[in-house]
Amino acid sequence: MSKPVVLIAEELSPATVEALGPDFEIRHCNGADRAELLSAIVDVDALLIRSATKVDAEALAAARKLQVVARAGVGLDNVDVRAATQSGVMVVNAPTSNIVSAAELAVALMLAAARHVSPAHAALRNGEWKRSRYTGTELYEKTVGIVGLGRIGVLVAQRLSAFGMKVIAYDPYVQAGRAAQMGVRLVDLDTLLAESDFMSVHLPRTPETVGLIGHEQLHQVKPSLVLVNAARGGIVDEQALFAALKEGRVAAAGLDVFAKEPCTDSPLFELDNVVATPHLGASTDEAQEKAGIAVAKSVRLALSGELVPDAVNVQGGVIAEDLRPGIPLTEKLGRVFTGIAGEVAQQIDVEVRGEITDYDVKVLELAALKGVFTDIVENQVSYVNAPLLAAERGVAVRLVSDPESPDHRNLITIRGTLADGSQVSVSGTLIGIHQRERLVEVNGFDVDIEPTDHLAFFTYEDRPGMVGTVGGLLGDAGINIAGMQVARDAKGGQALVALSVDSAISPETLLEIQLAMDAASVRAVNLA
């Protein structure tokens with residue numbers, strides 16, 4: 001079999017290729033060259049990029065086999081995530097790869113601004129020795145306000161605490177108790193503006209945060225304030241900041257990001273009390289290597305059919321290790337469900353019972369939907385577009401969890417209602433140390449059979465001789481039975497034969513069996 005193809009469209013660290021390993025065919029192209037990208041992307045399974053490659057609807061349409069786009073970094077401005085989701089393409093990034101580098105740069109800018117490092121350096125290079133002019137300010141025992149107590153904000157708070165600073169923070173999405181555990185006092189924005197001697201911004205750029213620190217806010221601060229923004233441009237209004245610095249309402253600023261980038265011409269650059277860098281937050285060897293390794297691992301997971309914790313357009317969240325063995329089982333249950341139903345259900349319940357409900361089991365709903373639609377639609381079905389496929393077909397989906405599971409340690413059931421009001425259900429579990437997959441219920445009948453590549457289910461009126469009839473007809477067709485279960489709801493009532501066989505059963509043989517048994521339902525399911 002040919003290896004999956006991974007296209008690296010920009011320069012990444014050598015560690016990225018090493019992390020991918022020998023299981024892939026690695027190709028390279030210049031992603032910034034549009035024609036070259038569209039030509040190279042046609043038959044690849046994964047695309048690795050940084051910021052120069054634009055992955056839009058046109059590129060996604062050209063990539064007939066693409067399963068995953070991996071951005072070796074945090075921002076995804078150059079990826080059309082919505083179009084990727086509609087195409088069933090997973091989009092991943094490396095959200096934690098640069099957090100240490102970004103936090104350290106924020107601290108560096110704060111120190112540089114507080115001690116006038118940039119203008120003092122420039123003066124010295126011009127032959128000027130101006131010690132008295134560049135008297136600075138200590139961080140020790142000052143109050144620093146952290147705007148945004150996310151992953152980077154927390155790291156900055158920890159590092160500045162070590163300087164002996166008092167740390168306050170504004171973040172409406174963080175609980176006061178969690179902040180207190182870190183030694184941070186949570187306050188509203190007005191309080192932070194009034195109390196801070198230093199301020200560091202660590203928010204994402206959203207419609208709500210653009211211009212958050214503007215003219216009004218910069219009239220509330222101490223004139224000794226040192227303001228740092230190493231998060232995203234536009235959160236601090238640059239015109240308002242320039243005016244505040246010129247008028248002495250803000251003492252100094254350290255900036256790594258700007259509203260429009262690249263930015264090489266700003267009135268802020270003319271001020272001695274501004275130290276500025278060209279968006280260097282992630283620009284360390286360590287951050288680049290972490291990003292490459294992180295997305296390489298994500299690509300390996302994605303191309304092996306697993307969910308990826310860093311996928312931005314998959315609703316599964318972080319996957320607990322105890323849940324992982326249940327993911328392929330649930331996907332198989334979805335395919336069995338569709339095979340038995342013979343149509344798209346109007347409503348589907350994914351029921352999860354037992355110990356695994358201690359974890360976030362959303363991933364099992366995605367796995368069930370992926371299985372349900374795999375044999376229905378022509379296009380590739382993935383954890384990304386499976387919920388969209390359900391929504392487009394008007395299928396109501398519900399995830400039900402219950403810690404109680406009377407008969408099994410853990411039990412996963414897919415139950416659905418068809419157009420005529422009838423119900424279909426299949427259940428499975430994992431048994432033993434080796435977590436072997438078992439199908440344990442079909443339409444209310446108790447069974448115990450391994451979900452192998454080829455399965456069949458025959459529902460009929462309970463009477464003697466039917467097992468022999470099935471075995472004889474399959475034998476005549478040269479099909480070997482690997483496992484068989486017979487269940488019934490009552491003596492002489494409805495019965496079910498569940499089979500695993502070594503090869504697919506032809507439609508002709510299925511029809512023969514149906515006629516010979518006078519079966520109410522005959523279904524074959526091929527999971528190969």
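Analyst: Let's start with helix H11 (residues 238–246), which lies across S10, strand S11 (252–255) and S12, running at about 145° to S11. Keep in mind that this is a predicted model.

User: What are the strands in that sheet, and in which order do they come?

Analyst: There are 7 strands in an open sheet, ordered S8-S7-S6-S9-S10-S11-S12, and the pairing is parallel.

User: What makes S8 and S12 edge strands?

Analyst: Strand S8 (185–186) and strand S12 (274–276) each pair on one side only, and that puts them at the edges.

User: How do you know that S9 and S10 pair?

Analyst: Pairing takes at least two bridges. Strand S9 (residues 198–201) and strand S10 (residues 226–229) are joined by 4 bridges and run parallel, so they count as paired. For instance, Val 201 has Asn 229 in S10 as its bridge partner.

User: Why is H16 called roughly antiparallel to H17?

Analyst: Helix H16 (residues 466–476) and helix H17 (residues 507–517) pack at an angle of about 155°, with axes 10 Å apart. Angles over 145 degrees count as roughly antiparallel, so H16 gets that label against H17. Their crossing is right-handed.

User: Which residues of H16 and H17 meet?

Analyst: On the H16 side they include Met 466, Val 470 and Leu 473, and on the H17 side Glu 512, Ile 513 and Met 517 are among them. By class, this contact has 7 nonpolar, 2 polar and 1 charged residues.

User: And why is H5 called oblique to H7?

Analyst: The axes of helix H5 (residues 99–114) and helix H7 (residues 151–161) come within 9 Å and cross at roughly 50°. Roughly parallel needs an angle under 35 degrees and roughly perpendicular needs 65 to 115, so H5 is oblique to H7. The crossing of H5 and H7 is right-handed. Among the residues making the contact are Ala 103, Val 107 and Met 110 of H5, and Leu 155 and Arg 159 of H7. By class, the contact has 11 nonpolar, no polar and 3 charged residues.

Terms used. Residues numbered from 1 in each chain as written. Predicted model: local features only at pLDDT ≥ 70, side-chain atom pairs only at ≥ 80, totals over all residues. Heavy atoms only, no water. Axes fitted to C-alpha atoms, helices over the stretch in contact; angles between N-to-C directions. Helix = DSSP H or I, 4+ residues; strand = E, 2+ residues; numbered from the N terminus. Left-handed = near helix turned anticlockwise from the far one by under 90°. Contact = heavy atoms within 4.5 Å. Nonpolar A, V, L, I, M, F, W, Y, C, P; charged D, E, K, R; others polar.
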